[in-house]
Every structure is written in C-alpha cells, then in structure tokens.
Amino acid sequence: MAKITGFMEYGRAKQPYRPVEERLLDWHQVMAPWHIDPLKEQAARCMDCGIPFCHQGCPLGNLIPDWNDLVYRDQWKDAIQRLHATNNFPEFTGTLCPAPCEGSCVLGINDDPVTIKGVELTIIDKAWENGWVRPEIASRKTGKKVAVIGSGPAGLAAAQQLARAGHDVTVFERADRIGGLLRYGIPEFKMEKRVLDRRLEQMCAEGVTFRTNAHVGDTVAVDDIRGEYDALLLAGGACAARGLPVEGCDLKGVHQAMEYLPMQNRICEGDPEPEHFINAAGKHVVIIGGGDTGADCLGTANRQGAKSVHQLEIMPKPPEVRAADNPWPEWPKIFRTASAHEEGVERVYSVSTKRFIDDGAGNVKALELVTVKMNHENGRLSFDEVADSQQTLACDLVLLAMGFLGPEKPGMLEQLGVALDSRGNVVRDKNWMTDVEGVFTAGDMQRGQSLIVWAIAEGRSAARGIDRYLMGDSDLPAPLD
C-alpha cells in the first residue's frame with residue numbers, strides 16, 4: 001500500500017480540466033494533466049483494505065493498489081510495467097472508461113473513493129514521455145495466420161496479444177482509418193487521435209498488418225478470409241443503432257448520433273467538409289439519450305456553435321448519493337456531470353418523445369413530449385404517461401443517442417452462419433469460439449453495447465482462446481477466463 005494514513009489525511013481531488021471558455025474554442029482534449037505532487041497524494045489515499053474490491057470492479061483485473069503504491073514512491077517505470085501487465089491501452093481506459101473500479105473502492109463505503117482513473121492516465125502519460133513504451137516483438141513466429149475483423153478496442157487488444165505470441169495478424173477495418181469507435185465515435189476533445197495513432201505505430205512495429213476500406217462480407221469475401229487464415233476473430237462491435245419509430249422520425253434534421261459524430265471527427269482529421277455536413281451551428285439542438293454518446297453529441301454541438309441544446313432522458317434524475325437499494329460495491333447509480341454538461345445544456349428527465357413536428361417543408365421544427373413515470377412491476381420496467389403533461393420543444397436538429405441493439409446481421413454474420421442469442425448477439429463458448437470452427441468473437445459483438453474496459457478484457461481473453469486453439473496451449477493472460 002501507499003501511505004498508511006493517506007486516506008485520513010487527504011481528500012479526493014477532481015481531475016483537472018481546462019477552463020470551459022477556453023476549451024469550447026478548440027477541439028483539443030478537455031482534461032489537463034495532473035501535477036505530480038497532488039497526484040501522489042491521491043495515490044496515497046489507497047488504503048490497506050485487506051481485500052481490494054477494485055480488482056473485482058475492473059474487468060481487466062488491474063493491479064490498482066500495486067501501482068498506486070509505486071506512484072506514491074516515485075517508482076514510475078515499475079508502475080507502468082504493472083499497468084501494462086493487465087491492460088494493453090491504459091491511455092484509452094484512463095481517458096474514456098467510467099471507472100467501475102472506483103465504484104468498488106473500499107474507501108467508498110463511507111468516503112470518496114480513490115482517484116484511480118487519474119493515477120492510471122498519469123502513469124501511461126509519463127511512460128510515453130520517457131520513452132518506456134516500446135514495441136514488444138515476438139521472439140519466434142508460429143507460422144499461424146489470424147484475421148481480426150474490426151479495429152475497435154477489443155480487436156486491437158486481441159491483435160496485439162496475438163502478434164506478441166508470434167502469430168501473423170491482419171486487422172480488417174471497413175472504414176478508411178483504423179480505430180472503430182475510438183476513431184470516429186469518440187470526439188477529438190474527449191481523446192485526441194494522436195493518442196490512438198501512437199499505439200497503432202507500436203502495433204505495426206510488432207508485426208500487425210492493418211487493412212482499411214476492407215468490409216468483410218461486402219468488399220472482402222468471407223470465403224476468401226476463411227481460406228487464407230487459420231482463425232478469425234469477430235470484433236465488429238454493436239453497430240445497429242436504436243431508432244425512435246414515432247411520427248416524423250424520417251423528417252430532415254433527425255439523425256442518429258453515429259451519423260453526426262464521425263463527420264466532425266473526419267474534419268478534425270483534416271478531411272474536407274462533406275457535402276451533407278450535419279452542423280449544429282446556429283441551431284436549437286435536441287439530443288435524445290442521456291448517456292455518454294449523448295454527452296459526446298453535446299460537446300460537439302456546443303463547439304460547432306449551437307444556439308441551444310436540450311438533452312432528454314426517459315429515466316428520472318438519479319439521486320446525488322447512493323440509494324438504499326444501490327449499496328457498495330455495486331456501481332453507484334448517482335447523478336453525474338460530464339465535462340460536456342459543464343459547457344452548457346438543459347437536461348430534461350422523465351420525458352418521452354411522442355412525435356416530431358414538420359415545418360411544412362419536410363424539416364423538423366419541434367418535438368412533442370410527454371412526462372412519464374417509471375414503474376417496476378413483476379420485475380419489469382415500464383413507463384406510464386402522466387395525464388395532461390404534453391409539451392412542445394422547438395428544435396432544428398435532433399440527434400438520437402439511445403444506444404445500440406447489437407451487431408449488424410446482414411453480410412458477414414449471415415454469411416458465416418454463426419449462432420445468435422435471444423438479444424441478437426453472437427454466441428461463443430468458454431474458449432471464445434462461436435459455433436463455427438475456428439471463428440471466435442469478442443467485445444460488443446458478443447456482449448452487446450458495453451464499456452471500453454470490457455472490450456479490452458474480452459479481446460485479451462479471446463486472444464488466449466485463439467492461441468490455445470492454434471497451438472494447443474497458451475501463456476497469454478486472460479482476465480475473464
């Protein structure tokens with residue numbers, strides 16, 4: 001552990017952020033780096049808890065007390081070795097993960113939890129600054145070839161692990177750049193793409209081959225992949241977006257979040273503005289969905305110069321502190337304010353959209369909303385409309401950020417003929433293989449929409465399954481086995 005009395009001497013400090021008035025003027029990352037001495041105090045709060053429940057809260061099994069102690073003692077090189085032992089991409093999780101580990105921190109029973117995520121991010125930032133992150137090239141090649149379909153966090157984690165085990169790995173990505181949602185779903189202000197690019201450079205040096213504009217099941221034949229590679233990993237994510245089938249949903253100005261966000265990301269990459277650019281500048285924007293994707297749309301709309309932004313959520317406003325039926329070490333279902341919310345928004349809870357209103361020319365001009373009351377009956381959740389609660393909200397642009405229904409079925413999945421579960425996700429066995437011999441799966445494609453930390457953990461675990469399948473055994477770590 002770090003300082004024995006640290007948790008009694010120091011309070012939790014918030015991750016530093018750039019001032020709102022400054023960060024709204026650019027697309028650079030909103031977080032500011034920690035100064036080392038205050039961060040060491042945060043690491044010192046990690047207590048001698050006996051059983052570190054943060055391990056249970058983290059799907060990767062990160063050795064959190066170990067590297068908190070090393071940071072407190074200024075042993076940064078040892079800290080990054082411990083961090084990389086369980087996590088291929090701590091700069092991704094340290095930036096994007098909601099930190100379920102902090103929700104399970106033992107100190108959180110009666111105090112604010114340790115700032116685990118901030119310590120994690122500072123460790124990896126310091127490692128990059130000092131040149132400690134280098135390619136780990138396999139000492140011998142196996143002669144086996146693996147195709148990874150999808151270049152999000154699950155696919156990248158698996159590809160890196162398999163390459164380090166000596167396999168020839170090719171990652172297929174249907175977009176024009178590698179990264180999946182890391183590239184085109186996460187806004188630049190949330191994670192600058194240089195952070196992704198430097199990892200991709202490391203992976204190229206380790207022998208991973210990347211193929212872009214390669215849509216397996218469309219521009220790349222499934223049979224060709226099956227014939228050329230000894231194993232396939234399906235890591236294409238859960239890209240089937242949830243729609244809102246109400247009157248007027250086909251009006252101009254109503255868009256899915258993943259139609260909207262990639263356009264701005266491409267511009268930040270240096271691409272020209274597309275012909276049908278979805279721009280919030282000067283518009284009254286309504287975002288339907290209160291999760292992370294909605295917050296990403298919010299931050300993007302404000303930077304584009306939206307006149308106003310409302311974010312709608314069908315659920316009631318969460319409490320400020322844990323409710324009695326939400327005890328530690330469960331994930332705390334409490335009211336949270338993302339950095340994007342600090343930049344300007346009207347958050348509206350317990351409402352449902354009844355219809356989109358036409359301006360007479362095929363464009364959306366308003367939404368009709370109704371207040372709803374949440375009910376739990378026989379273990380099922382429902383929302384009942386409150387009588388005489390209708391209201392109209394003016395808008396020029398509606399962004400649907402209501403999550404995803406699972407993987408896209410047409411194309412690759414249908415052609416492979418893999419089994420799906422009742423939710424439409426790909427079925428796999430304990431070795432991460434589907435019911436099709438030699439075809440494996442990991443990440444949101446088999447789990448459904450989830451967190452980046454789960455994707456990386458599943459990618460690492462699937463890599464072990466593939467290595468075991470190809471070689472008869474495996475020394476690769478598998479956090480979820």
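Predicted model: local features only at pLDDT ≥ 70, side-chain atom pairs only at ≥ 80, totals over all residues.
View 1. A disulfide would need two cysteine sulfur atoms within 2.5 Å. The sulfur of Cys 101 has its closest cysteine sulfur in Cys 58, 5.9 Å away, so the two are too far apart for a bond. Cys 101 counts as buried, at 10% relative accessibility.

View 2. Cys 249 takes part in no disulfide. Its nearest cysteine sulfur belongs to Cys 395 and lies 14 Å away. Cys 249 is partly exposed, because its relative accessible area is 37%.

**View 3. Helix α15, residues 292–304.** The helix has 13 residues, so at 1.5 Å a residue it should span 18 Å. The C-alpha atoms at its ends are 18 Å apart, in agreement. Most of α15 is covered, with 11 of its 13 residues buried. Among the buried ones are Cys 297, Leu 298 and Arg 303. After α15 comes Gly 305, with a positive phi near 100°.

**View 4. Packing around α15.** The buried residues of α15 pack against helices α2 (20–23) and α14 (257–268). They also pack against strands β6 (284–288), β7 (308–313) and β13 (397–400).

View 5. Strands β9 (residues 351–358) and β10 (residues 364–377) pair in the antiparallel sense. Seven bridges join them. Val 351 stands opposite Thr 371 of β10. Five residues lie between the two strands of this hairpin. In the turn, Gly 360 has a positive phi of about 100°.

Key:
Residues numbered from 1 in each chain as written. Heavy atoms only, no water. Pairing = 2+ DSSP bridges. Helix = DSSP H or I, 4+ residues; strand = E, 2+ residues; numbered from the N terminus. Buried < 20%, exposed > 50% of the residue type's maximum accessible area, 1.4 Å probe, protein only. Expected span 1.5 Å × (residues − 1). Contact = heavy atoms within 4.5 Å.
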